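The sequence and structure come first.

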Amino acid sequence: MADKDGRNFRAFYYDTLGLRNVELKKALEILLKDDPIDVERIATFSSRFGLPAIYRIHVWKVILGVIPPYRDAHQFVMEQRTEHFNDLKHTLTIMKKTTDEDELPFQLSTMYLLDQGALRFVKVPQRLGRKAEAMRAVAQVFMSMFDDEVDLYWLSTRFMKCLDQSVPQLDKLAKLIQHYLQTEDVYLHKHLLNIGAFQFLPISRWIESGFAEDIPESCMERIWDKVVAGSSKILAFVAVSLLLVFRHQLLAEKTSEGVRILLNKPVPEDNFVTIVSKAMELWDKHGTTVISDTPTVH
């Protein structure tokens with residue numbers, strides 16, 4: 001019955017996109033054949049469904065504006081992107097800021113700083129320095145997803161720009177984390193509330209890198225499909241999932257400082273997939289109810 005309901009819902013959703021009786025991959029192929037590509041419809045698709053891995057790089061490039069929606073212009077624009085990338089890399093070599101021996105994420109983040117005009121200062125502004133640090137973490141993960149250095153640079157910088165739009169919503173995301181943690185685990189929520197731990201959650205770090213600094217694994221691509229599509233609130237579900245996975249350790253902490261120290265420790269690798277899978281479950285369960293108005297936290 002559940003499978004039938006799922007198919008019915010999917011057929012209904014496809015119908016709202018002007019599609020019917022097609023599989024996910026075929027549906028996406030149809031959307032990508034539009035000229036110009038309807039970016040909003042592609043983003044809606046990406047937000048609601050998982051992207052086939054074979055199309056992820058192309059869909060991300062379209063949504064993030066690395067390439068325009070007009071298919072005939074794709075080659076020309078990527079040639080310009082490549083030329084810009086090579087100019088940045090060459091300039092940094094002349095400035096002796098990077099060498100080919102440096103790790104690629106460091107090179108890319110330094111290229112970003114140059115592109116932002118930050119290297120004209122004696123000291124890189126703190127805000128841009130922090131952003132470059134987060135970008136290194138993102139690029140490190142993206143390296144396992146994308147092979148081409150040019151794609152890697154532009155997708156990393158545009159993804160960071162996408163995350164920037166979430167930073168002004170930190171207070172709202174913090175309230176969402178509390179709300180959905182309370183919904184999923186009243187006891188854990190009450191414990192963290194009683195010891196004043198919520199104000200010590202590393203929400204800024206989580207959001208600024210899209211959790212790349214805490215879960216540096218390509219399994220995050222399913223989460224990032226939603227972020228790229230504009231549904232950054234899924235990061236609140238990743239936070240809730242992480243808290244639920246570390247439930248026992250958190251309940252053992254009696255002070256907010258203990259919670260802060262615990263959450264600043266590296267997340268064990270064997271927890272990565274569990275956290276992401278749980279976050280996706282929470283998205284499927286609550287995602288459609290996440291709206292601009294933050295639920296009231298009791």
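## Helix packing, a loop serine and salt bridges

Helices α12 and α16 are oblique to each other, since in this predicted model they pack at an angle of about 40°, with their axes 9 Å apart. On the α12 side the contact is made by Arg222, Ile223 and Lys226, and on the α16 side, by Val276, Ser277, Ala279, Met280 and Trp283. Sorted by class, the residues of this contact are five nonpolar, one polar and two charged. Helix α16 itself covers residues 272–286.

Is Ser232 buried or exposed? With a relative accessibility of 10%, which is under the 20% cut-off, Ser232 counts as buried. Its side chain is joined to that of Ser166 by a polar contact of 3.0 Å. When neighbours within four places in sequence are left aside, Ser232 is in contact with Ser166, Lys226 and Val227; Lys226 also belongs to the α12 residues that make the contact with α16.

The whole structure holds 13 salt bridges, and the table gives three of them.

| Pair | Closest N to O | Separation in sequence |
|---|---|---|
| Arg130 and Glu213 | 2.7 Å | 83 residues |
| Glu184 and Lys285 | 3.0 Å | 101 residues |

Glu221 counts as partly exposed at 23% relative accessibility, whereas Arg56, at 5%, counts as buried.

In the salt bridge between Arg130 and Glu213, Arg130 lies in helix α7 (residues 126–142) and Glu213 in the loop between α11 (203–208) and α12, so the pair ties together parts of the chain that are 83 residues apart in sequence. Arg130 is partly exposed at 21% relative accessibility, and Glu213 is partly exposed at 25%. Both residues belong to a network of salt bridges that also includes Glu133 and Glu208.

The salt bridge of Glu184 with Lys285 brings in helix α16 again, because Lys285 lies there while Glu184 lies in helix α9 (residues 170–184). Glu184 is partly exposed, with a relative accessible area of 23%, and Lys285, at 52% relative accessibility, counts as exposed.

Conventions
Residues numbered from 1 in each chain as written. Predicted model: local features only at pLDDT ≥ 70, side-chain atom pairs only at ≥ 80, totals over all residues. Heavy atoms only, no water. Buried < 20%, exposed > 50% of the residue type's maximum accessible area, 1.4 Å probe, protein only. Polar contact = N/O pair within 3.5 Å; in protein donor to acceptor, adjacent residues only side chain to side chain. Contact = heavy atoms within 4.5 Å. Axes fitted to C-alpha atoms, helices over the stretch in contact; angles between N-to-C directions. Helix = DSSP H or I, 4+ residues; strand = E, 2+ residues; numbered from the N terminus. Parallel < 35°, antiparallel > 145°, perpendicular 65-115°, else oblique. Nonpolar A, V, L, I, M, F, W, Y, C, P; charged D, E, K, R; others polar. Salt bridge = Lys/Arg side-chain N within 4 Å of Asp/Glu carboxyl O.
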